[in-house]
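Please look over the sequence and the model before reading on.

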Amino acid sequence: MNLSALILSITLGILTGFVVNGCTWLFREHLLPAYSDWKYQGMRIDGNWALEHLGTAADGRGLAAASMSATFNQKAHSIRGIATAILEGGGDSANVVTYKVTGEIRDRFVTLYLRATDRGRIAHSSFLLEIVGNGGCMEGCRTFYGLKQRSMRAIECVWYRDHGGSRSTGDCETT
């Protein structure tokens, strides 16, 4: 075997590996999720949502005034999206935190994990929620790291489907 045939066979082997890995990636990351989403028969929670905390945190301490909204994109059981929290400070200042959202939906239960997009900031939240009513409401609990108290905290919460800045009281009613 001469040198040019050896170089050609090595080059073709490397190219074949790249093509096979590329096809596998395309199938796993694009074709299979698209097919799964097309065949998915469960609840859909795509769209804009707003969070409301209920009562006080489990440790009995109050929470800073804040509002949170999110946009969820659902592909079959997988949920991805962006959430924004506005933490109101003293005076005219407000602190805005943007989160990357990942999660999944199984039966009528939703798990969400939020992580701050700013790598220089500690901000994590996780949610276990149940879809209730006509599908425009999710009730459950939020756990998060309380930066001021430097401890893990928990609180009951409700996510409402955002209808252009307004909520319908019928969203959480059973039909």
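Contact here means heavy atoms within 4.5 Å. By that rule, 43% of the contacts in the chain with a separation of 6 or more are made by residues 24 or more positions apart.

## Basis of the model

This is a predicted model, in which local features need pLDDT of at least 70 and side-chain atom pairs count only at pLDDT 80 or more, while totals for chains, interfaces and linings use all residues. Residues are numbered from 1 along each chain as its sequence is written, and side-chain values use heavy atoms, with hydrogens and water left out.

The pLDDT score is the predictor's confidence in each residue, from 0 to 100. Its average over the chain is 85, and 87% of the residues score at least 70. Confidence is lowest in helix H1 (residues 3-39), with a mean of 89, and highest in S5, with 95. Where pLDDT is low, the predicted coordinates should not be read in detail.

## Overall layout

Helices (H or I, at least four residues) and strands (E, at least two) are DSSP runs, numbered from the N terminus. The chain has 1 helix and 8 strands, and their order along the sequence is α-β-β-β-β-β-β-β-β.

Accessible areas come from the Shrake-Rupley method with a 1.4 Å probe, and for residues only the protein chains shown count as cover. The accessible surface of the chain is about 11300 Å², and carbon and sulfur atoms supply 57% of that area. A residue is buried under 20% relative accessible area, exposed over 50%, and partly exposed in between (1.4 Å probe, protein chains only). Of the 175 residues, 27% count as buried.

## Strand pairing

Two strands pair if DSSP finds at least two bridges between them. S1 runs antiparallel to S2, and 5 bridges join the two.

## The largest nonpolar core

A nonpolar core is a set of buried Ala, Val, Leu, Ile, Met, Phe, Trp, Tyr and Cys residues joined through side-chain atoms within 4.5 Å. The largest one holds 26 residues, and the members that touch the most others are Ile 45, Phe 72, Val 110, Leu 112, Met 138 and Trp 159. Two or more residues come from each of the strands S1 (47-54), S2 (66-75), S3 (78-88), S4 (94-106), S5 (109-116), S6 (124-132) and S8 (151-161).

Arg 153 is found in strand S8. What is its state, buried or exposed? Arg 153 is buried, because its relative accessible area is 5%. Leaving aside neighbours within four places in sequence, Arg 153 is in contact with Ala 57, Asp 59, Arg 61, Gly 62, Leu 63, Arg 142, Thr 143, Phe 144 and Gly 146.

Ala 58 sits in the loop between S1 and S2. With 70% relative accessibility, Ala 58 counts as exposed. The C-alpha atoms of Ala 58 and Ile 155 are separated by 5.8 Å, although the two residues are 97 apart along the chain.

## Salt bridges

A salt bridge is a side-chain nitrogen of Lys or Arg within 4 Å of a carboxyl oxygen of Asp or Glu. The count by this rule is 4. Among them is the pair Glu 130 and Arg 108, at 2.6 Å from N to O. Glu 130 lies in strand S6 and Arg 108 in the loop between S4 and S5, so this pair ties together parts that are 22 residues apart in sequence. Glu 130 is partly exposed at 26% relative accessible area, and Arg 108 is partly exposed at 42%.

Another links Arg 28 and Glu 29, at 3.4 Å from N to O. In the salt bridge of Arg 106 with Glu 104, the closest N and O atoms are 3.8 Å apart.

## Positive phi angles

Most residues other than glycine have a negative phi. Ala 76 has a positive phi, near 55 degrees. Ala 76 is in the loop between S2 and S3 and counts as buried, at 5% relative accessibility.

Asp 107 also has a positive phi, near 55 degrees. Asp 107 lies in the loop between S4 and S5, and at 70% relative accessibility Asp 107 counts as exposed.
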